[in-house]
Amino acid sequence: MNFTQLRYFYEVCRWQNITKAAEYLHVSQPTVSLSMQDLETKTGLNLFHREGRHIVITDDGMTLYRRIIPILKSMEDLDKTVRDLSQTKNHIRIAVPLQIGAHMLPILMSRFQQDYPEISLEISEAGGIDALRMLLNDELDLAITNYDTSYSDNLVYCPIYKVEICFCTYPGHPLAGRSSVTWEEIAAEPLVLLNGGFFVNDRIDKSFVAKDLHPRILLHTTQLHTVKNLVYERIASTVLTRQAVLPRDGMAVVPFREPVRITSGLVMKRGHHLYEDEKKLIAFVKKTFIRS
């Protein structure tokens, strides 16, 4: 067995489909098939049952699959360490959720990249809850996100600012000119809300539940532009952070009578070694967005 065979085997088991595994690995389907046949020959094990185009992992195959997971993880960690040592960590995996990204991503992808063209940012638009999970699983180096410090003691939280959750609607809506609204007032309004792993969504849900309200939600979506389009078309209103609404969106942003705020900042896994390029990114974010 070699590392490539183990990687192919892992992906075949994960997808339970050789074609999909090959597509993910960016190799041809025959390459993966031949590699799996060679692996079975070398080990003397029957690793799969083949049922037409589908495969079923045997008990022996599942045992091997479980055993190679930590091996592949160790190899990935070793490869990452070598790259970090040789390149000073100039490739940073970072998550920026949709609502923060609306304001922050254009600045990161223009000013930061202009200042530090040698640093490559691999950006994921994961929700805050998903981003923290990815940090714990070593799938990210950093996250700039809304968060709740009770999520995990294995994370280090660095607050940057507080974001305010507001009722957002179209100009001309009866509530658009108000200085503030209540949860009771918006519960009867047709709403479109973001779903997924967002701490803001969790806070919105808890606010309705705490007042025993059953909001009139027309749609949950993962797409911020869908939310904004439905507001623009006067089909629904929404609840977003103030930072998620840009001047060109043309929305009326109305705070709640009892202000609802959530902390936003940098998060990393406890014990994570900070490289110089990561320090540059952190310093840029603090300088730019604490001021803004």
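How many salt bridges does the count come to? The count comes to 14 salt bridges, and the points below begin with some of these; the model is a predicted one.

1. In helix H1, the side chains of Arg-14 and Glu-11 meet in a salt bridge, with 2.9 Å from N to O, and because the two residues are three apart in that helix, they are separated by about one helical turn.

2. Lys-42 counts as exposed at 53% relative accessibility, whereas Asp-38, with a relative accessible area of 29%, is partly exposed.

3. The side chains of Lys-73 and Asp-138 meet in a salt bridge as well, at 3.5 Å from N to O. This pair links distant parts of the chain, given that Lys-73 belongs to helix H4 and Asp-138 to the loop between helix H6 (128-136) and E5, 65 residues apart. Both residues are partly exposed, Lys-73 with a relative accessible area of 29% and Asp-138 with one of 33%. Salt bridges with shared partners join Lys-73, Asp-77, Asp-138 and Lys-269 into one network.

4. Turning to the rings, the count comes to nine aromatic pairs. One of them is formed by Tyr-10 and Tyr-65, whose ring centres are 5.6 Å apart and whose planes meet at 15°, so the pair is stacked. Here too distant parts of the chain are linked, with Tyr-10 in helix H1 (residues 3-15) and Tyr-65 in helix H4 (residues 59-87), 55 residues apart. Tyr-10 is partly exposed, at a relative accessible area of 21%, whereas Tyr-65 counts as buried at 16% relative accessibility.

5. The rings of Trp-183 and Phe-256 have their centres 3.9 Å apart and their planes at 10°, and this pair is therefore stacked. Because Trp-183 lies in helix H7 (residues 183-187) and Phe-256 in strand E10, the pair ties together parts that are 73 residues apart in sequence. Both Trp-183 and Phe-256 are buried. Elsewhere, ring pairs link Phe-112, Tyr-116 and Phe-284 into a cluster.

6. Strand E10 (residues 252-269) pairs in the antiparallel sense with strand E5 (residues 142-146) over four bridges, and Asn-146 has Ser-264 as its bridge partner in E10. Strand E6 (residues 155-169) also pairs with E10 in the antiparallel sense, over 14 bridges, and within E10 the bridge partner of Pro-159 is Gly-265.

7. Two backbone values deserve a look. Gln-16, which is not a glycine, has a positive phi of about 50°; this residue is placed in the loop between H1 and helix H2 (18-25) and counts as partly exposed at 42% relative accessibility. Asp-212 likewise has a positive phi, near 55°, in a residue other than glycine; Asp-212 is found in the loop between helix H8 (199-210) and strand E8 (217-221) and counts as exposed at 58% relative accessibility.

Terms used
Residues numbered from 1 in each chain as written. Predicted model: local features only at pLDDT ≥ 70, side-chain atom pairs only at ≥ 80, totals over all residues. Heavy atoms only, no water. Pairing = 2+ DSSP bridges. Phe/Tyr/Trp six-rings, centres within 6.5 Å; stacked < 30°, edge-to-face > 60°. Buried < 20%, exposed > 50% of the residue type's maximum accessible area, 1.4 Å probe, protein only. Salt bridge = Lys/Arg side-chain N within 4 Å of Asp/Glu carboxyl O.
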